[in-house]
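Hi everyone, thanks for coming. Let's walk through one protein model together, and please keep it on your screen while I talk.

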Amino acid sequence: MHYEYKTMGTCASKIILDVENGIIENARFVGGCHGNTQGISKLVIGMKVDDVIERLQGIRCGMKSTSCPDQLAQALLQTK
């Protein structure tokens, strides 16, 4: 299933996901630090949604209360 999530509090403005049977098939960030978001996207492909949420939820960027990885976890929570 295809999902689009509008991020809050990060440089990235949106996360685009394809999830099938609880497995991430594709993840792409719009905006943000290109190298970092591209790396995160590649790392999570093939992973279980629950595993990614567990690993990334709560990560902060500097003084911000969230981060691109945390926003990915938030997006994945909405796919459940």
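Let's begin with what lies over helix 1: the cover on its buried residues includes strand 3, helix 2 (49-56) and helix 3 (68-77). Cover here is judged by contact, meaning heavy atoms within 4.5 Å. Helices (H or I, at least four residues) and strands (E, at least two) are DSSP runs, numbered from the N terminus.

Before going further, a word on the source: this is a predicted model, where local features need pLDDT of at least 70 and side-chain atom pairs count only at pLDDT 80 or more, while totals for chains, interfaces and linings use all residues. Residues are numbered from 1 along each chain as its sequence is written, and side-chain values use heavy atoms, with hydrogens and water left out.

So which residues of helix 1 are buried? They are Thr37, Ile40, Ser41 and Val44. Buried means under 20% relative accessible area, exposed over 50%, and partly exposed in between (1.4 Å probe, protein chains only). These four cover an arc of only 100° around the axis, so they sit on the same side of helix 1; the arc is that of the directions from the helix axis to the C-beta atoms. A handy reminder: an α-helix has 3.6 residues a turn, so residues three or four places apart point the same way. Facing away from the buried side, helix 1 carries the exposed residues His34, Gly35, Lys42 and Leu43. Gly39 also belongs to helix 1 (residues 34-44), and it is partly exposed at a relative accessible area of 29%. After the helix comes Gly46, with a positive phi near 90°.

Three strands make an open sheet in the order 1-2-3, with antiparallel pairing. Its edge strands are strand 1 (2-6) and strand 3 (23-31), each pairing on one side only. Two strands pair if DSSP finds at least two bridges between them; strand 1 and strand 2 (residues 12-20) are joined by five. One example is Tyr5, whose bridge partner in strand 2 is Ile15. In the loop between strand 2 and strand 3 you'll find Asn21. Asn21 has a positive phi of about 55° although it is not a glycine, and at 78% relative accessibility it counts as exposed.

Next, the charged pairs. How many salt bridges does the structure hold? There are two, where a salt bridge is a side-chain nitrogen of Lys or Arg within 4 Å of a carboxyl oxygen of Asp or Glu. In one of them, the side chains of Lys14 and Glu4 meet at 3.3 Å, N to O. This pair links Lys14 in strand 2 with Glu4 in strand 1, ten residues apart. In the other, Lys80 meets Asp50 at 2.4 Å, N to O. Lys80 lies in the segment after helix 3 and Asp50 in helix 2, so this pair ties together parts that are 30 residues apart in sequence.

Last, the cysteines. A disulfide is a pair of cysteine sulfur atoms within 2.5 Å, and the count by this rule is zero. Cys68 is in no disulfide either, as its nearest cysteine sulfur, that of Cys11, is 6.5 Å away. Cys33 is partly exposed, with a relative accessible area of 48%, whereas Cys68 is buried at 15%.
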